[in-house]
Amino acid sequence: MAKARRVLWRIWEMVREVFGDKAYDRYAEHIRTHGGEPLTREEFYVSQLQRKYTRPSRCC
Amino acid sequence: MRHWKKLVWMVVAVIGALGLAMIATVRGEPLNAVWLIAAAGCIYALGYRFYSRFIAYRVLELNNRRATPAERFDDGRDFVPTNKWVVFGHHFAAIAGPGPLVGPILAAQFGYLPGTLWIVIGGVLGGAVQDFTTLFCSIRRDGKSLGQMAKDEISSLGGYTALFGVLFIMIILIAVVALVVVNALKNSPWGLFTIAMTIPIAFLMGIYLRWLRPGKVLETSIIGFVLVLAAVVAGRYVAESWLAPYFTYGGPTLAWMIIAYGFAASVLPVWLLLAPRDYLSTFVKLGVVMALALGIILVRPTMLLPPLTRFVDGTGPIFAGKIFPFCFITIACGAISGFHSLIASGTTPKLIMQEGHARMVGYGSMLLESFVAIMAMVAATVLEPGVYFAVNSPAGIVGALPAQAVQTISSWGFPVTESAMAELAQKVGEVTLFNRTGGAPSLAVGMAHIFSKVLGGSGLMAIWYHFAIMFEALFILTLLDAGTRVGRFMLQDLLGHFWKPLGRTSWYPSVTLTSAVIVAAWGYFLYQGVVDPLGGINSLWPLFGISNQLLATIALCVGTTILIKMRKARYAWVTLTPLGWLLSVTMTASYQKVFHPHPRIGFLAHARALSDQLAAGAVPPGDIGQVQRLIFNDRLDAVVTGIFALLVALILVESARQWWMYALGQKQPVLQEGPMVVSKWATEGEEAGG
């Protein structure tokens, strides 16, 4: 039971990651370890979108 | 390999062979779709286990000790080492679009056999190989794009060819998928209402994501999805109410609406419309693909369409031309799609954590997409063949009146009645299902058929139908938004070389101008398709297929060149085989589309037939202007096809010249890989994996 819950939790975390929910946490972690002036959650979100949609991101 | 493992793979091979034998030989009695699914699934499993492994270990020599760009340039933003299943999800969501759903539906006019074989074989030996090698090449080159690699590895001419190829394909691609949406929404208040509602829903999601819960994509997508479902259900009441006339339009008006929408999406901030729509469509797409697979397995539908139809002779009503080359042009995505090479050399290589993951992400995702194409084929075959042809044939071929259409189609040996069509239309909540070209309506009927058997019975058929239409239109519009925007950026980049301010992506005059140019380009082809009496799909879809194969040619040329530079020329057949096949298909199709003497196939022959009519005075005075426009469009299509063929020839000659010089020893191959840095995740003695 506990194992099944852990597996389901892992899958859920992965789904969240595919959708990009954890992108900011990763970025914040990176800034924490590597240094630099961090963007806020909101600034980060908007600037990531600007970058993403300037190159082919969706296919036929 | 352990003995029991060998046994398992032998069983898989036997099931695959048995399935193939069944679908290839059974005649006279309808076959269950499960055979198709089983055969395809087994061949994918074998292809993945053995062929992709061979490519990974022997040909490309993936090396897990070598740090990937994601590790070396890790910046928490673009370059992020990511779990391989997550990259797989990302990559699949990016490559899977409307192509593999629509192509097989159209190609089903030959029967299910040719399309199915091409999807499975083309996927395993062509598409997946292209995606995998391109991804690998980009990983080894710091995540460079296909255009950049073509420039560095082949020549700057090769690079420019790639650049123009991408811009061209984008324009044709958007035009043709927009045409599919227009045809699906024609005179359908229910459908149009649902799709129209996705725009305010996207705004809401955009605002929510921007200010209320920044970056919480999953929960926003779920909220959006619930709202869209509500819109699908509400659509029925709108269609039955006094509001219906406000959502009922013909083709040309819908085309103008989509053109206006595309322009708006390109100039509005991306967080407001484009991004939330994209999230919504990804969410729905992944869900529907899984639901469809489950549905087919639960329902196990019988395939009513024969394996081969009489239209293998080239006289098909949906598009004209013989199996070779047109089956292989019509189904591009699902078998081999050049567009994928842009994704495989775009975001994905910057996320790959270890080289070994490229096998599952590159090769594996393409197999899954190929499987989606097989499911679309199944959805086409569960309809009565007469119904399938009545839905998909243009009025210009079978007649605009239902009585004419059923008579023509029945005379081909595919019996269908007016009452059966009327009953089906009523069941799915549409006014009519005749002449609904483009593939989307017939796919929606097929999907509704399968889904309603699992849940809701025929009472829910209409809801399922409109759910399917919404699903298709949703990600077609997403592709249209994203494509227009990328096209705009490419154009700004290009124009910036001539006059600096035009290259500034935040300068509004330039943004407006370049957006208008891109929208006008695809809008022109879209409008031309909408008013074309032969339905537009007949001329535009092959153009799309050819342009897509052009990109694949570039990707495979780059792949082959790099293989030779890696001193792996003895394995160059891995990329040369699909390349050779694509060249013969693309060149034959281009030649036939331009010069074929039959007016339904050759653009020039069609233009000639029309001008002969004009000269003979057979055209009513009121229609002269329209016929002249058709003649102009035919010639334009011929020129565009010619340009594609020329670009293919150019890139091939450029590459072959390099290969020849390497072979003769006139030039030393210089491998331009990024430096070898040992990965921090490397374990001792590890070479390849994944």
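How many helices and strands does the secondary structure of chain B come to? The secondary structure of chain B comes to 26 helices and 2 strands, where helices (H or I, at least four residues) and strands (E, at least two) are DSSP runs numbered from the N terminus. This is a predicted model, in which local features need pLDDT of at least 70 and side-chain atom pairs count only at pLDDT 80 or more, while totals for chains, interfaces and linings use all residues. Residues are numbered from 1 along each chain as its sequence is written, and chains are lettered from A and ligands numbered from 1 in the order in which they are written.

**The two chains**

- Chain B has a radius of gyration of 25 Å, close to the 26 Å that the globule rule gives for 690 residues, so it is as compact as a globular protein of that length; the radius is taken over C-alpha atoms, and the rule is 2.2 Å times the number of residues to the power 0.38.
- Among the contacts in chain B with a separation of 6 or more, 82% are between residues 24 or more positions apart, a contact being two residues whose C-beta atoms, placed from the backbone, lie within 7 Å.
- Chain A has 3 helices and 0 strands, and from the N terminus on its elements run α-α-α.
- The radius of gyration of chain A is 15 Å, whereas a compact globule of 60 residues would have one near 10 Å; the C-alpha trace of chain A spans about 45 × 40 × 20 Å along its principal axes, and buried residues make up 28% of its 60 residues.

**Where chain A meets chain B**

- In the interface, 30 residues of chain A are in contact with 44 residues of chain B.
- On the side of chain A that touches chain B, the elements giving two or more residues are α1 (2-19), α2 (23-34) and α3 (41-52) of chain A, and α3(A) gives the most, with 8 residues.
- By class, this side of chain A has 15 nonpolar, 6 polar and 9 charged residues, where Ala, Val, Leu, Ile, Met, Phe, Trp, Tyr, Cys and Pro count as nonpolar, Asp, Glu, Lys and Arg as charged, and the others, Gly among them, as polar.

**Helix packing in chain B**

- Helix α8 (residues 156-185) of chain B packs with helix α23 (residues 537-565) of chain B at an angle of about 150 degrees, their axes being 9 Å apart; axes are lines fitted to C-alpha atoms, for helices over the stretch in contact, and angles run from 0 to 180 degrees between N-to-C directions.
- The contact of α8(B) with α23(B) has 17 nonpolar, 4 polar and no charged residues, and the residues that make it include Phe168(B) and Ile172(B) of α8(B) and Trp541(B) and Phe544(B) of α23(B).
- Helix α15 (residues 357-381) of chain B and helix α20 (residues 440-454) of chain B have axes that come within 8 Å and cross at roughly 85 degrees, and α15(B) and α20(B) are therefore roughly perpendicular to each other.
- In this second pair, Ala376(B), Ala379(B) and Ala380(B) of α15(B) meet Ser442(B), Leu443(B), Gly446(B), Met447(B) and Ile450(B) of α20(B), a contact with 6 nonpolar, 2 polar and no charged residues.

**Backbone details in chain B**

- Most residues other than glycine have a negative phi, and most peptide bonds are trans.
- A cis peptide bond, with omega of about 5 degrees, joins Phe324(B) and Pro325(B), and Pro325(B) is found in helix α13 (residues 323-330) of chain B.
- Glu61(B), in the loop between α2 (33-59) and α3 (69-72) of chain B, has a positive phi near 50 degrees, and with 15 C-beta neighbours inside 10 Å it counts as partly exposed.
- Arg567(B), in the loop between α23 and α24 (573-595) of chain B, has a positive phi near 60 degrees, and with 10 C-beta neighbours inside 10 Å it counts as exposed.

Definitions and conventions: A residue is buried if 20 or more other C-beta atoms lie within 10 Å of its own, exposed if 12 or fewer, and partly exposed in between; C-beta atoms are placed from the backbone. Angles under 35 degrees count as roughly parallel, over 145 as roughly antiparallel, 65 to 115 as roughly perpendicular and the rest as oblique.
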